[in-house]
Amino acid sequence: MKFGWPKIFSNFSRDLAIDLGTANSLVYLKGKGIIFSEPSVVAVNQKTGKILAVGREAERMVGRTPSHIVADYPLVDGVISDFEATEQMLKYFIEKVYEGKFILGPRIRIVVGVPCGITEVEKKAVIDAAKNAGASEVYLIEEPMAAAIGARLTVQDAGGNFVVDIGGGTCEVVVISLGGIVISKSLKNAGNKFDSDIINYCQNEYKLLIGKRTAERAKIGIGSAMPLNTKIEKRDMPIRGRNLVSGLPEEIVLTEEDVRKAMEKSVRQIVDAIKEVIEQTPPELVADIMNKGIHLSGGGALLRGLDSLVARETKMPVKIIDDPLTAVARGAGIVLENLDKLKEVLLDTDTLEPPK
Ligand SMILES: Nc1ncnc2c1ncn2[C@@H]1O[C@H](COP(=O)(O)OP(=O)(O)OP(=O)(O)O)[C@@H](O)[C@H]1O
Ligand SMILES: [Mg+2]
């Protein structure tokens, strides 16, 4: 009889791909696909150091905690700002995957999506966090590269692919060819910045203090990057906050135009970054991109009218990647399923790990 892991173990894959995002983290289990998606939030009791909640449950606590409990996003602008909380979050994800299953057997391999231009120190922080959380091998992939693979673009060919990933913390504009990133530009100007623009606008125009989640609701509900079809009825949204003068609760009606104006400068900066990258792109690749178009991924790609604005400003076709919020996780998952064939698209981490 051939010895092997009992079927109950061998059927259960242990390898994961994780999109560790500033706003949302997604986990892909090898052979299964994306198994969950949760906000990247950790709530900690500072008196005891105990983790109280992670993900959706912790998100509900943001801005609502007593002073000894801190519910916060451990990643800022796409990179780890609170190492311990990130590690705890990864542990929680891994445990959730293996919930109720007896863990025994071979090594756990994890592919993690990280921002472009991540420093060596930041790379090491992600690898250490994943290893402390239970991984035995950790591979890193740049998020826009993963998004491109998730969109099934032919990243290993010599043709240029243009991807703009607009997440919560970062906007990354890249040109990909021959399995590598040829040009990239990163801005710390994405979904979270749009939210803070709306908060500032309400404060300045209406003397109303609103919370981050209210601002995000307004952005998703009535936000746009350019005026939309005027035949459609103008949209507005009642929002509640505290009047800064009277100190009392107040409700105002925010219009679509208000929200657009609030975010205008930040949206402009993203468009300018895209134009800058086009200017730096070698002509042969520009010709390819004119055919294939600019691909938008990340939650920010869903901002109404952004695709039309980018198309108008760049004179290039623009496509929103199908299901842009999951593109990075799906792409990292494809890499995990085909590690041998796709190893070249991974970030080099050899210098970070001691020889085995
Ligand atoms: N329909 C929508 N319109 C506009 N913005 C949206 C929409 N849906 C989600 N978003 C925004 O997308 C952002 C989250 O996107 P995503 O999950 O891609 O970010 P992330 O991967 O966590 O962040 P990062 O890549 O910067 O680390 C949030 O700011 C969210 O408000
Ligand atoms: Mg992202």
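Val267, Arg268, Val271, Ile274, Lys275 and Ile278 of H8 meet Leu306, Leu309, Val310, Glu313 and Thr314 of H10, a contact being heavy atoms within 4.5 Å. By class, the contact of H8 with H10 splits into 7 nonpolar, 1 polar and 3 charged residues; here Ala, Val, Leu, Ile, Met, Phe, Trp, Tyr, Cys and Pro count as nonpolar, Asp, Glu, Lys and Arg as charged, and the others, Gly among them, as polar. This is a predicted model, in which local features need pLDDT of at least 70 and side-chain atom pairs count only at pLDDT 80 or more, while totals for chains, interfaces and linings use all residues. Residues are numbered from 1 along each chain as its sequence is written, chains are lettered from A and ligands numbered from 1 in the order in which they are written, and side-chain values use heavy atoms, with hydrogens and water left out.

As for geometry, H8 and H10 (residues 306-314) pack at an angle of about 45°, their axes 10 Å apart. Axes are lines fitted to C-alpha atoms, for helices over the stretch in contact, and angles run from 0 to 180 degrees between N-to-C directions. Helices (H or I, at least four residues) and strands (E, at least two) are DSSP runs, numbered from the N terminus. H8 and H10 are therefore oblique to each other, given that angles under 35 degrees count as roughly parallel, over 145 as roughly antiparallel, 65 to 115 as roughly perpendicular and the rest as oblique. The crossing of H8 and H10 is right-handed; a crossing gets that label if the near helix is turned clockwise from the far one by less than a right angle, and is left-handed if anticlockwise.

H8 (residues 256-280) also packs against H7 (residues 212-222), this time at about 110°, with the axes 10 Å apart. That makes H7 roughly perpendicular to H8. H7 passes H8 in a left-handed crossing. On the H7 side the contact uses Ala218, Lys219 and Ile222, and on the H8 side Glu256, Val259 and Met263. Sorted by class, the contact of H7 with H8 has 4 nonpolar, no polar and 2 charged residues.

Elsewhere, the axes of H3 (residues 83-97) and H4 (residues 120-132) come within 8 Å and cross at roughly 45°. That makes H3 oblique to H4, and H3 passes H4 in a right-handed crossing. Phe83, Glu87, Leu90 and Lys91 in H3 meet Ala125, Asp128, Ala129, Ala130 and Asn132 in H4. The contact of H3 with H4 divides into 5 nonpolar, 1 polar and 3 charged residues.

Now for the cores. A nonpolar core is a set of buried Ala, Val, Leu, Ile, Met, Phe, Trp, Tyr and Cys residues joined through side-chain atoms within 4.5 Å; buried means under 20% relative accessible area, exposed over 50%, and partly exposed in between (1.4 Å probe, protein chains only). Of the 47 residues in the largest nonpolar core, Phe162, Val164, Ile198, Leu254, Val267, Ile274 and Ile294 touch the most other members. H8 supplies the largest share of this core, 10 residues. Apart from it lies another core, of 33 residues, among them Leu16, Leu20, Val114 and Ala129. Not counting residues up to four places away in sequence, Val164 touches Cys171, Glu172, Val173, Ile274, Ile294, His295, Leu296 and Ser297.

Most residues other than glycine have a negative phi. Leu178, however, has a positive phi, near 50°, and its place is in the loop between E12 (171-177) and E13 (180-187). Leu178 is exposed, with a relative accessible area of 57%. Asp323 likewise has a positive phi, of about 50°, in the loop between E18 (318-320) and H11 (327-337). Asp323 counts as partly exposed at 47% relative accessibility.

A few single residues round out the picture. Gly221, in H7, is partly exposed at 24% relative accessibility and touches Arg235, Met237 and Arg304, leaving out residues up to four places away in sequence. Ile51, in E5 (residues 51-54), is partly exposed at 30%. Leaving aside neighbours within four places in sequence, Ile51 is in contact with Val42, Ala43, Val44 and Gln88.
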